[in-house]
Amino acid sequence: MNKSLRLLIVVASLLLLIVAPTLTSAQEAVSLELWTFVNTHARWFREQAERYREEVNPNFELEVVEIAGSDLFARLRISLQSGGVGAPDIADIEQGSFGSFLRGGGDPGLVVLNDLLEEGGYNEQLVSSRQALYTYQGNTYGIEHALTPVVLYYRADVWEGAGFDPQTFETWDDFVGAARAIVADNPGVVPLPIHGALHEILLRQQDADYFDADGNVTIDSEISIETMNWLLSLQEEGIAAQPPTGDALWAAFKDGTLISWVGADWYAGFFKDNAPELEGLWKAAPLPAFEPGGRRTSVWGGTGAMVVATSPNVEAALDFLEFAMLSVEGNVRRFELTNLFPPFIPAMDNERLHAEDAYFSGQDLGALFAEVGPEAPAQYQSPFRSQLNDLNTAAFQDIIDGIRTPEEVYTEIAATIRDEMAFES
Amino acid sequence: MFGWRRKLAPYLFISPFFIGYAFFFLIPVIQSLRLSFYHQVGLGAEPRFVGLDNYIRLFTNDALFIKSLTNTTYYALGSIFIIVPLALGLALILHSPNLRLREFFRLFYFTPNITAGVVVGIIFGLVFEEQYGLINNLLLAPLGIEPVRWLRDPNWVMPSIIILGIWKFTGINALYFMVGLQNIPSELKEAAVVDGATRWQVFRYVTLPMLRPVLAFVLTFAIIGSYNLFAEPVTLVGEVGGPNNAGLTMTMYLYNRGFRELRMSYAAAIGYTLAIIIVVLTVIQLFLTRAFRED
């Protein structure tokens with residue numbers, strides 16, 4: 001072979017090598033890392049990645065890493081602090097901890113989703129009060145997983161056995177009346193566990209909260225103090241009590257001490273995971289209202305999926321998030337796997353959300369959530385929310401034990417947070 | 001000709017370690033000292049020089065810091081006055097020539113120390129649980145004692161942590177003391193016995209003085225370990241330290257301020273204050289045990 005022919009062959013082979021990858025696959029390989037702290041979300045994300053591979057890009061890979069709650073947020077914050085070293089592409093951030101990313105008024109290190117949501121017309125399709133949790137100063141950073149409508153879960157066998165039907169309770173007075181009767185016949189039973197989030201939940205049911213829409217502290221408002229005093233009066237009567245925490249909580253459910261629970265949609269999954277032996281004994285009803293005709297639900301919790309700004313694959317991450325979280329199929333499938341009711345309006349009346357749930361005595365939980373969902377109140381974000389929660393958690397025992405009054409505690413907490421706000425501005 | 005190389009050789013040999021030490025310890029430590037004189041909150045925020053403001057605020061306007069300081073000191077006192085004497089007692093028993101299966105017992109008492117702090121915290125959470133926990137149900141109830149609200153009553157939180165500390169750290173301290181005991185020449189004790197000393201007098205005038213270096217060592221590490229305690233309280237009572245922050249230790253407080261609230265500069269000031277406190281207490285302790293005396 002002469003020189004020029006050899007040269008031609010070499011050049012041709014080189015060209016072929018360069019072009020070959022694009023000939024074999026029409027899509028480029030995408031590999032994303034996602035962090036979540038909820039194992040039910042992790043299952044769902046993996047399935048959605050499967051679906052993405054089938055429908056959009058066969059060369060898509062999603063590594064889902066499950067990290068325990070507060071660890072995930074701390075690691076992400078540290079990562080972002082050091083310029084994104086070791087940070088994932090997508091992260092689930094719980095609404096209570098999201099506020100801390102906004103501290104100091106600096107850039108939270110997350111991608112602003114306004115364009116994505118506007119271009120797809122998604123803003124009208126997502127329940128805005130949920131999206132408010134991940135929005136600060138006009139920028140939306142996350143997409144909500146769950147509507148978190150709060151309902152009253154109750155031991156149907158116990159309440160109905162005593163002759164009451166919580167489905168018919170219109171107001172909290174109805175509930176309290178029935179609870180008194182049950183406690184009189186069954187001492188030691190707790191109709192209303194006062195768990196750490198109950199006060200917050202009841203405040204939101206009454207259109208209040210720990211912060212208002214402008215970020216002012218409102219934990220020391222009249223209604224906040226009154227609500228806590230009401231709970232304490234129920235405790236004194238023996239109707240309400242502080243439940244155990246951790247594993248002991250499930251022991252209390254299983255031995256029949258706790259006969260109801262004010263919880264959000266995601267708590268249904270917790271019951272199934274932690275107390276499978278109580279299957280078929282529970283039902284759910286709308287929350288009793290504070291006044292006749294009042295709101296029958298509240299919100300508790302919420303997790304936003306967010307794209308980390310330091311990711312080298314922002315476009316791919318946004319595309320996957322849109323596919324999974326802003327589609328009817330994605331939202332419906334998530335409900336099937338996790339009982340999380342979608343904040344995505346087009347998915348809400350899908351028939352697959354209305355299966356009979358064996359754990360809850362064959363009840364159609366989806367229908368209950370859909371019924372109360374539209375009334376879900378707003379919950380406002382603040383960079384100081386997690387600090388307020390810390391102060392509140394530390395003081396909670398004093399309130400329950402009657403060592404300090406709610407008024408004293410809430411006034412003090414509000415003053416501390418206001419001081420902090422002044423210190424940092 | 002090789003003179004200068006020979007002088008250089010030691011430095012070359014230690015340089016790999018020292019370079020690593022400088023990058024991962026020395027430089028960050030100096031950086032954080034610098035950071036403690038600034039005000040920096042949040043991700044990517046601009047630091048602002050504030051001099052000693054952070055330190056002043058810690059001691060004059062920060063009730064939680066003072067709380068964490070008293071809590072940690074409470075634990076340290078428990079560590080010094082309960083764990084160390086218990087360890088010494090255990091060491092004396094394990095050192096006794098009449099004991100069979102000595103090796104087994106040494107291993108047995110040492111294993112709690114190698115268990116991860118988080119695991120210990122979680123299990124002790126179940127042990128101390130008010131309604132379903134081990135202590136209230138299996139120990140107190142049969143004796144007719146009212147259940148103790150170990151982790152819900154602010155007065156019992158730190159004692160619970162001290163109990164955890166006893167379980168975890170007595171073994172390793174006993175091990176140190178055992179080594180010290182083994183190094184006491186038996187002729188000294190025999191001579192004392194021959195001179196008519198009682199068991200207590202042998203202990204007080206022979207054993208204890210000979211143990212002084214080990215005692216100084218154990219106390220130093222007890223102080224440092226107590227003030228650095230983090231994993232066990234956090235898993236036992238939560239990140240805020242439980243009811244009324246009764247279990248809030250100084251490192252927990254530092255973690256909250258720095259990594260949960262992103263007040264990095266303030267956390268740096270807390271860190272340095274913690275370090276200074278530990279150094280001061282250790283020096284005082286060394287003087288009290290007269291470790292600097294050459295006898």
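Guide: Two strands pair if DSSP finds at least two bridges between them. Strands are DSSP runs of E with at least two residues, helices runs of H or I with at least four, both numbered from the N terminus. The model is predicted: local features need pLDDT of at least 70 and side-chain atom pairs pLDDT 80 or more, while totals for chains, interfaces and linings use all residues. Residues count from 1 along each chain as its sequence is written, with chains lettered from A and ligands numbered from 1 in written order.

Visitor: How do you know that strand β7 and β10 of chain A pair?

Guide: They share 4 bridges, in the antiparallel sense. At least two are required. β7(A) spans residues 151-155. L152(A) stands opposite V262(A) in β10(A).

Visitor: What makes both faces of β10(A) covered?

Guide: Buried residues on either side. S260(A) and V262(A) are buried on one side, W261(A) and G263(A) on the other. Buried means 20 or more other C-beta atoms, placed from the backbone, within 10 Å of the residue's own.

Visitor: Why is helix α9 of chain A called largely enclosed?

Guide: Because 8 of its 8 residues are buried. The helix covers residues 198-205. Its buried residues include H199(A), E200(A) and R204(A). They pack against α10 (222-237) and β10 of chain A. After α9(A) comes D207(A), with a positive phi near 70 degrees.

Visitor: What makes the largest nonpolar core a core?

Guide: Its 169 residues are buried Ala, Val, Leu, Ile, Met, Phe, Trp, Tyr or Cys, joined through C-beta atoms within 7 Å. Among those with the most contacts inside it are I90(A), M306(A) and F177(B). Helix α3 (residues 63-95) of chain B gives the most, 10 residues.

Visitor: Why does this core lie between two domains of chain A?

Guide: Domain 1 (30-148 + 301-355) and domain 2 (151-298 + 378-424) both give residues to it, so it lies between them. The bounds come from an automatic or database assignment.

Visitor: What is F177(B) in contact with?

Guide: Contact means C-beta atoms, placed from the backbone, within 7 Å. Beyond neighbours within four places in sequence, F177(B) is in contact with A87(B), L88(B), A91(B), L211(B), V214(B) and V218(B).

Visitor: How many residues of chain B are in contact with chain A?

Guide: 23, against 29 residues of chain A. α5 (117-127) and α12 (250-260) of chain B each supply at least two residues of that side. α12(B) gives the most, with 3.

Definitions and conventions: A residue is buried if 20 or more other C-beta atoms lie within 10 Å of its own, exposed if 12 or fewer, and partly exposed in between; C-beta atoms are placed from the backbone. Two residues are in contact if their C-beta atoms, placed from the backbone, lie within 7 Å.
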